[in-house]
Amino acid sequence: MPAHPTEERVREIIADHMGLEGPLLPIFHAIQAEWGHVPQTAIPVIAEALNIGRAEVHGTMSFYHDFRTEPAGRHVVKLCRAEACQAVGADHLAEHARSRLGVDWHETTKDGNITLEPVFCLGLCACGPAALVDGKVVGRVDEATLDRIIAEVGA
Amino acid sequence: MSLKLYIPRDAAAKALGAEAVVQAVKAEAAKRGIDVTIVRNGSRGMVFLEPLVEVEREAGRFAFGPVSASDVASLFEAGWGTGHPLSHGLTEDILFLKSQTRLTFQRCGVIDPLSLGDYEAHGGLIGLRRALSMSGAEIVAEVTDSGLRGRGGAGFPTGIKWKTVADAKAEQKYIVVNADEGDSATFADRMIMEGDPFTLIEGMIIAGIAVGATKGYVYIRSEYPDAIEVMERAVNNGRALGLLGPSVLGSGMVFDIEIRVGAGAYVCGEETSLLNSLEGKRGVVRAKPPLPALQGFMGRPTVVNNVISLATVPVILEKGAAFYKNFGLGRSRGTIPLQIAGNVKFGGLYETAFGLTLGEIVDKIGGGTASGRPVKAVQVGGPLGAYFPRALFVTPFGYEEFAGKDGLVGHAGLTVFDDSTDMLKMARFALEFCAIESCGKCTPCRIGAVRGVETVDRIAAGDPTAMPILTDLCNTMKFGSLCALGGFTPYPVMSAVTHFPDDFSRAKEAAE
């Protein structure tokens with residue numbers, strides 16, 4: 001992942017998507033895939049390329065939970081908070097995660113290692129509580145599994 | 001010696017360790033000098049047996065599950081024979097599977113999802129070939145006659161929606177697949193996309209022929225990384241093999257598909273906000289009219305259908321409207337993939353004709369709770385669906401039947417809760433979720449949900465004046481909201497209040 005987003009690279013990414021109908025979300029996704037977030041400096045560049053206002057670009061980006069304005073921790077742990085997982089102890093697990101990591105939802109541990117996020121359904125509703133760890137699905141997560149996951153990513 | 005194994009690539013199987021099983025199988029086979037072929041199929045839907053490994057023999061496919069990496073050595077030792085403790089005999093004979101009527105999911109878990117050849121060998125493309133010999137109007141009539149209704153939750157007749165688009169005059173029309181399956185307890189869309197993506201692709205092409213659309217979009221939620229990967233690969237394979245592109249199966253018909261990824265907004269499962277999102281805007285709900293069928297994506301006529309609705313079209317075209325219509329009850333025709341989830345013993349996907357009672361589904365098929373405690377409530381239809389108490393377990397599974405009990409079928413997800421559940425907490429959660437996910441366009445939803453959470457907190461604190469306010473608020477949300485998010489959030493809230501009054505008065509007593 002290149003550390004510093006350059007305007008040139010942002011323009012390249014935009015150019016790759018200009019042939020699409022409704023290219024804005026794919027552009028956000030591509031930029032975030034490259035730098036882990038959508039940097040503020042990209043907003044005016046996108047606005048100019050798509051011939052829309054900066055406010056519209058910002059407003060669209062901020063509408064969606066997925067797009068970050070700041071990079072996440074080195075690892076992202078998403079815990080499902082939806083009903084089917086609640087039915088098998090997701091609330092209890094969430095409490096454990098927050099106290100174990102010393103963070104609340106959307107926060108990153110002090111060492112920058114793990115970001116904890118809520119997610120509302122991963123479609124793993126018959127094998128909850130479910131989690132998504134760096135994009136990999138995990139089912140029937142209990143406290144021990146969670147501790148192991150945290151240990152594996154080195155926290 | 002050679003061995004052919006099926007180990008699912010389905011996200012639920014992966015979440016329960018399928019990747020580790022694959023690695024262990026490869027290592028063990030190498031150690032024993034056995035030539036092993038591993039097919040990464042979809043899931044058969046028996047999540048309680050995942051990872052379910054099947055071995056192919058002359059007599060058929062034999063199932064083992066749930067298999068963990070540590071079981072692999074013993075399975076090889078037993079020669080993958082039926083004597084092993086994890087053996088379930090022939091997969092087809094497992095009662096959970098055998099008692100189903102699999103139409104939409106007939107190939108899911110059976111074939112290699114990425115092989116068009118395998119798809120065709122198992123009955124795929126028959127419907128499309130027939131559709132290519134029919135006029136658009138004939139296809140629309142066939143789908144209308146089948147009685148298929150939108151499986152996303154609204155239950156609108158699919159054929160009638162198609163007719164509106166077919167009759168609209170425009171240079172460009174679209175087929176948009178709503179694969180933003182955000183409801184808790186639902187995973188049918190995910191399973192079909194991961195296990196039999198060509199069924200969806202075939203359904204989209206048929207819809208395209210029927211209404212005169214040449215371009216399709218599949219809007220998949222970002223929470224489904226595995227489904228996104230399989231769909232993208234299937235579309236690429238389809239394009240390479242001439243199923244998609246400038247001449248579908250050499251017919252001269254143009255149809256192509258693009259996969260788009262959502263960005264974590266639940267409300268984008270609502271069709272008009274999905275269209276805005278697809279256009280690159282905030283996922284804000286649009287007022288209707290105009291209908292998306294007339295002014296949808298980019299203001300052009302658009303079919304917006306749920307994954308399962310479209311994935312069911314090929315079998316309807318293959319076997320005919322009358323065949324499909326023959327299943328079901330009342331105005332709910334055909335089959336429905338029930339997704340049995342939450343605190344349940346035998347969780348998974350069970351496709352069957354409409355008409356089973358809720359009690360049969362939960363007690364007989366689901367086997368009651370996983371915790372072994374009594375079932376307290378079942379939420380049917382996702383976060384916007386009502387909580388059903390045991391007293392309503394006689395309700396037959398059908399759109400009108402559930403509406404008659406102030407509930408909804410929705411996307412046919414069922415979440416089972418045991419008696420340790422606090423229904424006041426669940427009612428509060430429904431409102432909290434609505435507050436987080438509201439798009440903000442209409443006041444009843446945007447403000448009502450926030451006030452609703454506060455009002456439930458007042459009830460919990462023992463305020464006797466709060467309950468009438470909650471009832472009134474729910475009424476306003478139900479009738480005043482633009483879309484189902486604000487309009488249906490009252491279902492879980494009021495059903496909890498109505499059927500579980502003790503959970504709302506206990507707090508009051510404690511305060512007094």
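The questions and answers below go through parts of a predicted model.

Residues count from 1 along each chain as its sequence is written, while chains are lettered from A and ligands numbered from 1 in written order. In this predicted model local features need pLDDT of at least 70 and side-chain atom pairs count only at pLDDT 80 or more, whereas totals for chains, interfaces and linings use all residues.

Colleague: In what order do the 4 strands of the open sheet in chain B stand?

Modeller: Strands here are DSSP runs of E, at least two residues, and helices are runs of H or I, at least four, numbered from the N terminus. Two strands pair if DSSP finds at least two bridges between them. The pairing in this sheet is parallel, and the order in chain B is β8-β7-β6-β9.

Colleague: Which strands are the edge strands?

Modeller: An edge strand of this sheet pairs on one side only. In chain B these are β8 (256-261) and β9 (302-306).

Colleague: Which residue stands opposite Val177(B) in β9(B)?

Modeller: Strand β6 (residues 174-179) of chain B runs parallel to β9(B), and 5 bridges join them. Opposite Val177(B) stands Asn305(B).

Colleague: What angle does the direction of helix α12 make with that of β6(B)?

Modeller: Contact requires C-beta atoms, placed from the backbone, within 7 Å. Axes are lines fitted to C-alpha atoms, for helices over the stretch in contact, and angles run from 0 to 180 degrees between N-to-C directions. Helix α12 (residues 271-278) of chain B packs on the sheet and touches β6, β7 (215-220), β8 and β9 of chain B. Its direction and that of β6(B) make about 110°.

Colleague: Where is the cis bond that joins Lys288(B) to its partner, and what is its omega?

Modeller: Most peptide bonds are trans. Pro289(B) lies in the loop between α12 and β9 of chain B. The bond from Pro289(B) to Pro290(B) is also cis, with omega near 5°. Between Lys288(B) and Pro289(B), omega is about -5°.

Colleague: Is His106(A) buried or exposed?

Modeller: His106(A) lies in the loop between α6 (90-101) and β2 (114-119) of chain A. Its phi is positive, about 70°, although it is not a glycine. A residue is buried with 20 or more other C-beta atoms, placed from the backbone, within 10 Å of its own, exposed with 12 or fewer, and partly exposed in between. His106(A) has 12 within 10 Å, so it is exposed.

Colleague: How many C-beta neighbours does Asp406(B) have inside 10 Å?

Modeller: Asp406(B) sits in the loop between α16 (399-403) and β16 (413-418) of chain B. Its phi is positive, near 55°. Asp406(B) counts as partly exposed because its C-beta neighbours inside 10 Å number 15.

Notes. Contact = placed C-beta atoms within 7 Å.
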